[in-house]
Amino acid sequence: MATPLEEYERKRRFDRTPEPPPAQVAPPRGPLVFVVQKHRARRLHYDFRLEIDGVLASWSVPKGPSLDPGEKRLAVHVEDHPFEYGTFEGIIPAGQYGAGEVIVWDDGTYSPDDGGLAFDDPETANARMREGLAQGKLSFTLRGRKLKGSWALVRMSGHERDWLLIKHDDAFASRDRDPLADGRSVRSGRTIEDLQAGRLPEAPAHEVRAPQEAVGARRAPIPEKLSPMLASLAPGPFSHPDWWFEPKLDGIRALAYVQAG
């Protein structure tokens, strides 16, 4: 019986390409992930990948994703890729399948949304995606760094490999903004042109200081109990020189302490 990654392995020579070889398929460990890789092979395209059954189900999108719900982008269903491929960036050598430059253009987590979100239930999310894939219709919400909101992949009637990638009309849709204008990798900051020229982006300068050099720092015993600042109720908006304000939706309050250096 064919394995999900058999075609992926058949097309590649792993002694000649830096792409990751197939690994053992593992069950979902948390929210399902997605990745979009910008790939300049014979033609520039975007590889749209969704984690389903421990591998990355993949579609080649020649024109890339659009935020306009009226733009239906062709998405050609190609072979499944290993989960580890989601972090791959580099140059596939000439003469190898898919030769050219690859960057991680976007990544994040996702959930099927037809029937409700299931970010916190990967087994249910996976089962629903598997069923939708077989039926030729997937509806899902992306939580990426560039792509967000609800999307659909729909198989075209009478076609096995040809699907359409469609943005649903929600708060993240836009008929004016082109997400492809930002061509940088969300992982390394590199562009396809950087890879072609052998350039690396400048690393941001990080200032490293000893804890005692921080403004206002003072030595003290490690406290036995730490309490973060909490929100306070007020009858309405106000202005006061002792207060700073920050619009906030959600988050985690973190406290840190330094011991023995």
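Mentor: Side chains of opposite charge can pair when their charged atoms come close. Here Arg-40 forms a salt bridge with Glu-193, their closest N and O atoms lying 3.1 Å apart, where a salt bridge is a side-chain nitrogen of Lys or Arg within 4 Å of a carboxyl oxygen of Asp or Glu. Since Arg-40 belongs to strand β1 and Glu-193 to helix α3, the pair ties together parts that are 153 residues apart in sequence; helices (H or I, at least four residues) and strands (E, at least two) are DSSP runs, numbered from the N terminus.

Trainee: What should I keep in mind about the origin of these values?

Mentor: This is a predicted model, in which local features need pLDDT of at least 70 and side-chain atom pairs count only at pLDDT 80 or more, while totals for chains, interfaces and linings use all residues. Residues are numbered from 1 along each chain as its sequence is written, and side-chain values use heavy atoms, with hydrogens and water left out.

Trainee: Which of Glu-89 and Arg-190 are buried?

Mentor: Buried means under 20% relative accessible area, exposed over 50%, and partly exposed in between (1.4 Å probe, protein chains only). Both Glu-89 and Arg-190 are buried, and they form a salt bridge with the closest N and O atoms 3.2 Å apart. This pair links the loop between β4 and β5, which holds Glu-89, to the loop between β9 and α3, which holds Arg-190, 101 residues apart. By comparison with those cut-offs, Arg-40 is partly exposed at a relative accessible area of 26%, and Glu-193 is partly exposed at 36%.

Trainee: How many salt bridges does a search of the whole structure find?

Mentor: The search finds 17. One of them joins the side chains of Glu-79 and Arg-12 (3.2 Å, N to O), with Glu-79 in strand β4 and Arg-12 in the loop between α1 and β1, 67 residues apart. Glu-79 and Arg-12 are buried.

Trainee: Which residues of α2 are buried, and which are exposed?

Mentor: In α2, Pro-122, Ala-125, Asn-126, Met-129 and Gly-132 are buried. Viewed down the axis of α2, these buried residues fall within an arc of 130 degrees, so they line one face of the helix; the arc is that of the directions from the helix axis to the C-beta atoms. On the other side of α2, Glu-123, Ala-134 and Gln-135 are exposed.
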